[in-house]
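Visitor: I would like to learn how to read a model of this kind, taking one feature at a time. Could you give me the general idea in each case and then show me how it applies here?

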Amino acid sequence: MGEHVLNDRERALENAFFARQEQALLEKLREGERTRSRKEAIAAASGIRDDAVLDRIVALGLGPETVAALALVPLALVAWADGSLDSRERAAVMQAARDAGVTANGEAARLLDTWLAAPPGADLKAAWGGYAAALAAGLDESARAALRGETVGRARRVAEAAGGVLGLGRRVSEAEESVLKELDAAFTG
C-alpha cells in the first residue's frame with residue numbers, strides 16, 4: 001500500500017510539472033499571437049510593412065491608435081536638442097501638434113506630454129528613424145519630398161521658436177541644426 005501511495009504522489013508531481021510547462025508554453029503562444037495581431041494592426045494603420053520597424057514600435061508600447069504619435073517625435077527631438085526645453089519651444093511643439101490634428105485629450109497628446117517632460121531616449125529616436133525610413137520607402141519621390149518638407153519644416157519652426165535674442169543672433173542652435181539634418185536624412189535612407 002505504501003508503494004501505491006508513492007506512485008500516486010509521483011504521478012501527481014509529474015502531472016503538476018507538465019501542467020506548469022504546458023501553461024507556460026500556452027502563455028508564450030498567446031503573447032506571440034498578441035504581438036503578431038498588434039503588428040498587423042499597426043501595419044494597417046501606418047502602411048509600414050518592415051518587420052524590424054514594427055517590432056520597435058511594439059516594443060515602445062505603441063498601438064495602432066498611437067502610432068500617429070510617432071509623427072510628433074521630431075518635434076520633441078528638436079525641442080530637447082540643446083538639453084533643455086523652454087516655454088517658447090513647448091508652445092511651438094503644442095501648436096505644431098494641434099496643426100497636425102492632435103487633440104488635447106487623445107493618446108498622441110499624452111505621449112507627447114511624456115516626451116516633453118524628459119528628453120526622449122535613443123530607443124524612441126531609433127523607432128522614429130525606422131518609422132520614417134519605412135514610410136518614405138513606400139512613397140514616390142514627390143510624396144517623399146512633401147513628407148520630408150512637412151516633417152522637417154514643423155521641427156524647424158520649433159527650433160526657431162527659442163532662437164536668438166530680440167530677433168538677433170542664431171535662430172537655430174548648432175545642436176538643433178544637427179537634429180534637423182538627422183531628421184532630413186531619415187527620409188533618404
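Predicted model: local features only at pLDDT ≥ 70, side-chain atom pairs only at ≥ 80, totals over all residues.

Visitor: How should I describe the way helix 4 and helix 7 pack?

Guide: Two packed helices are described by the angle between their axes and the distance between the axes. For helix 4, residues 87-99, and helix 7, residues 141-161, the angle is about 155° and the axes are 8 Å apart. Helix 4 is therefore roughly antiparallel to helix 7, given that angles over 145 degrees are counted in that class. The crossing of these two helices is right-handed.

Visitor: Which residues make that contact, and how do they divide by class?

Guide: From helix 4 come Arg-88, Glu-89, Ala-92, Val-93 and Ala-96, while helix 7 brings Arg-154, Arg-157, Val-158 and Ala-161. In the contact of helix 4 with helix 7, 5 residues are nonpolar and 4 are charged, with no polar residue among them.

Visitor: At what angle does helix 4 cross helix 5, and how far apart are the axes?

Guide: The axes of helix 4 and helix 5 cross at roughly 160° and come within 12 Å of each other, which means that helix 4 is roughly antiparallel to helix 5. The crossing of helix 4 and helix 5 is right-handed. On the side of helix 4 the residues are Arg-90, Val-93, Met-94 and Ala-97, and these meet Leu-112, Asp-113, Leu-116 and Ala-117 of helix 5. The contact of helix 4 with helix 5 holds 6 nonpolar and 2 charged residues, and no polar ones.

Visitor: What is the arrangement of helix 7 and helix 8?

Guide: Their axes are 10 Å apart and the angle is about 170°, so helix 7 and helix 8 are roughly antiparallel to each other. Helix 7 contributes Arg-148, Val-152, Ala-155, Arg-156 and Ala-159, and helix 8 contributes Glu-176, Glu-177, Leu-180, Leu-183 and Asp-184. By class, the contact of helix 7 with helix 8 has 5 nonpolar and 5 charged residues, and again no polar ones.

Visitor: Where does Leu-180 sit, and which residues does it touch?

Guide: Leu-180 is in helix 8, and because its relative accessibility is 2%, Leu-180 counts as buried. Leaving aside neighbours within four places in sequence, Leu-180 is in contact with Val-78, Val-152, Ala-155, Arg-156, Ala-159 and Val-172. For Ala-159, which is 21 residues away in sequence, the C-alpha to C-alpha distance is 8.7 Å.

Visitor: How many residues does the largest nonpolar core have, and which have the most contacts inside it?

Guide: In soluble globular proteins, nonpolar side chains tend to be buried together. Here the largest nonpolar core has 45 residues, and those with the most contacts inside it are Ile-57, Leu-70, Leu-72, Trp-115, Trp-128, Leu-180 and Leu-183. Helix 1 (2-46), helix 2 (51-59), helix 3 (73-79), helix 4, helix 5 (107-117), helix 6 (122-137), helix 7 and helix 8 (174-186) each supply at least two residues of this core.

Visitor: Is Thr-151 buried or exposed?

Guide: Thr-151, which has its place in helix 7, has a relative accessible area of 7% and is therefore buried. Setting aside neighbours within four places in sequence, Thr-151 is in contact with Pro-74, Trp-128 and Phe-187.

Visitor: Finally, what do the values for the protein chain say about helices, strands and burial?

Guide: The protein chain has 8 helices and 0 strands, and buried residues make up 34% of its 189 residues. Among contacts with a separation of 6 or more, 64% are between residues 24 or more positions apart.

Definitions and conventions
Residues numbered from 1 in each chain as written. Heavy atoms only, no water. Axes fitted to C-alpha atoms, helices over the stretch in contact; angles between N-to-C directions. Helix = DSSP H or I, 4+ residues; strand = E, 2+ residues; numbered from the N terminus. Parallel < 35°, antiparallel > 145°, perpendicular 65-115°, else oblique. Left-handed = near helix turned anticlockwise from the far one by under 90°. Contact = heavy atoms within 4.5 Å. Nonpolar A, V, L, I, M, F, W, Y, C, P; charged D, E, K, R; others polar. Core = buried A, V, L, I, M, F, W, Y, C linked by side-chain atoms within 4.5 Å. Buried < 20%, exposed > 50% of the residue type's maximum accessible area, 1.4 Å probe, protein only.
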